[in-house]
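Hi everyone, thanks for coming. Let me put the sequence and the structure up, and then we'll walk through them together.

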Amino acid sequence: MPFERGQIGMSIETTAEKIRTMQIRGAGLIARQAALALKEFALVVPASSIEEFNSRMAEAGEMLLHTRPTAVSLGNAVRMVVRHKESDLGVARAAVAKNADEFVESSLQAVGRIGEIGSRRVQSGDCILTHCNSSAALSVIEKAHLEGKGIHVIATESRPRYQGHLTIKRLDDLGIDAQMIVDSAVRTVMNEVDLVVVGADVITASGSLVNKIGTSQIALSAHEARTPFMVAAETYKFSPETLAGAPVVIEERGPEEVYPAYRELRSVRIRNPAFDVTPHHYIDVICTEVGAIPPEMSYLIIKERLGWQLSDSL
Ligand code: RI2
């Protein structure tokens, strides 16, 4: 019998709720926190057989997956953590815990490595525009700053949740020369920008980018101004499901985030799509922990790094 709400394990429910309400946010961080919640759950969940254990783990994974429907990082993390070939219950618990620790460690290393790889493309004195709050994009910016490149940064505020405030706080802590603009000022400043660097929630098999709402407008503006557009993304943000052409679900969040008095409206509906799609031909390079690739090579990441074949997605 499946677990009822309240029984699935505090770590899973609490983590799921924090991810849903964005107290924990950012595609990489939610994946790491989900992995740690699965580890905790695997070590304590009551199970009398390996089959029962596997089915409990699958249920817990499902609960985490449904919190942020767009984030493929969650799906990839859950798959990597719950996968094991053990038949002994105790050994299986330990295997899942080890998978989780390895995922977290490799995820953190990936963010650092992306900084090193991405910063090679930053020139001295560059003005970098970034959107929302991406630890991978900030890793590139931080590394370029630490290398003494004398960069400056323009950060968007990123309505409706103002993740740009987190970005400018980090830039300020690092002592990086930066400015914040409203999202609609991007085109006005684009001629001052040498490089756009953004993070990713999903990279599709064709190399298109799903990222915070507003990213595609920035890419269009960069394209018009001939400004290079870089994506910083760990390989677990590439979507195997898109190999078979599965569409990426774009999360629509509540109207209160955009217009708190929405209940007073009679004929107007507030829409709040959280992400948008930037076609691959607006992207110059995707910096991953295994190297910088043109977006058109995304299929190879899914095949060789994530181990998916076309036949897996039939
Ligand atoms: P890192 C965020 O989503 C932003 O869209 C950001 O670009 C992306 O996750 C990647 O973030 P949200 O959780 O993993 O704010 O690079 O909706 O930190």
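The crossing of helix α3 and helix α5 is right-handed, a word used when the near helix is turned clockwise from the far one by less than a right angle, while anticlockwise makes a crossing left-handed. Before I go on, please remember that this is a predicted model, in which local features need pLDDT of at least 70, side-chain atom pairs count only at pLDDT 80 or more, and totals for chains, interfaces and linings use all residues. Residues are numbered from 1 along each chain as its sequence is written, and side-chain values use heavy atoms, with hydrogens and water left out.

Back to our pair of helices. Two packed helices are described by the angle between their axes and the distance between the axes. Here α3 covers residues 50–65 and α5 residues 89–119; the angle is about 25 degrees and the axes are 9 Å apart. Axes are lines fitted to C-alpha atoms, for helices over the stretch in contact, with angles from 0 to 180 degrees between N-to-C directions. So α3 and α5 are roughly parallel to each other, a label for angles under 35 degrees; over 145 is roughly antiparallel, 65 to 115 roughly perpendicular, and the rest oblique. Helices (H or I, at least four residues) and strands (E, at least two) are DSSP runs, numbered from the N terminus.

Which residues of α3 and α5 make the contact? From α3 come Ile 50, Phe 53 and Met 57, and from α5 come Leu 89, Ala 92, Arg 93 and Val 96. Contact means heavy atoms within 4.5 Å. These residues divide into six nonpolar, no polar and one charged. Nonpolar covers Ala, Val, Leu, Ile, Met, Phe, Trp, Tyr, Cys and Pro; charged covers Asp, Glu, Lys and Arg; the others, Gly among them, are polar.

Now to the sheets. Seven strands form an open sheet with mixed pairing, in the order β3-β2-β1-β4-β7-β9-β10. Two strands pair if DSSP finds at least two bridges between them. At the edges, β3 (177–181) and β10 (291–293) each pair on one side only. The twist averages 25 degrees from one strand to the next.

Let's look at β1, residues 127–130. In a regular strand the side chains alternate between the two faces of the sheet. In β1, Cys 127 and Leu 129 on one side and Ile 128 and Thr 130 on the other are all buried, meaning under 20% relative accessible area, with exposed over 50% and partly exposed in between (1.4 Å probe, protein chains only). Four bridges join β1 to β2 (residues 152–156), and the two run parallel; Thr 130 stands opposite Ala 155. Two bridges join β1 to β4 (residues 195–198), also parallel, with Ile 128 opposite Leu 195.

Next, two loops. Cys 132, in the loop between β1 and α6 (135–146), has a positive phi of about 60 degrees although it is not a glycine. Ser 158, in the loop between β2 and α7, has a positive phi of about 65 degrees, and Ser 158 is not a glycine either. Are they buried or exposed? Cys 132 is buried at 7% relative accessible area, and Ser 158 is buried at 0%. The loop between β2 and α7 (163–173) also holds Pro 160, joined to Arg 159 by a cis peptide bond with omega about 5 degrees.
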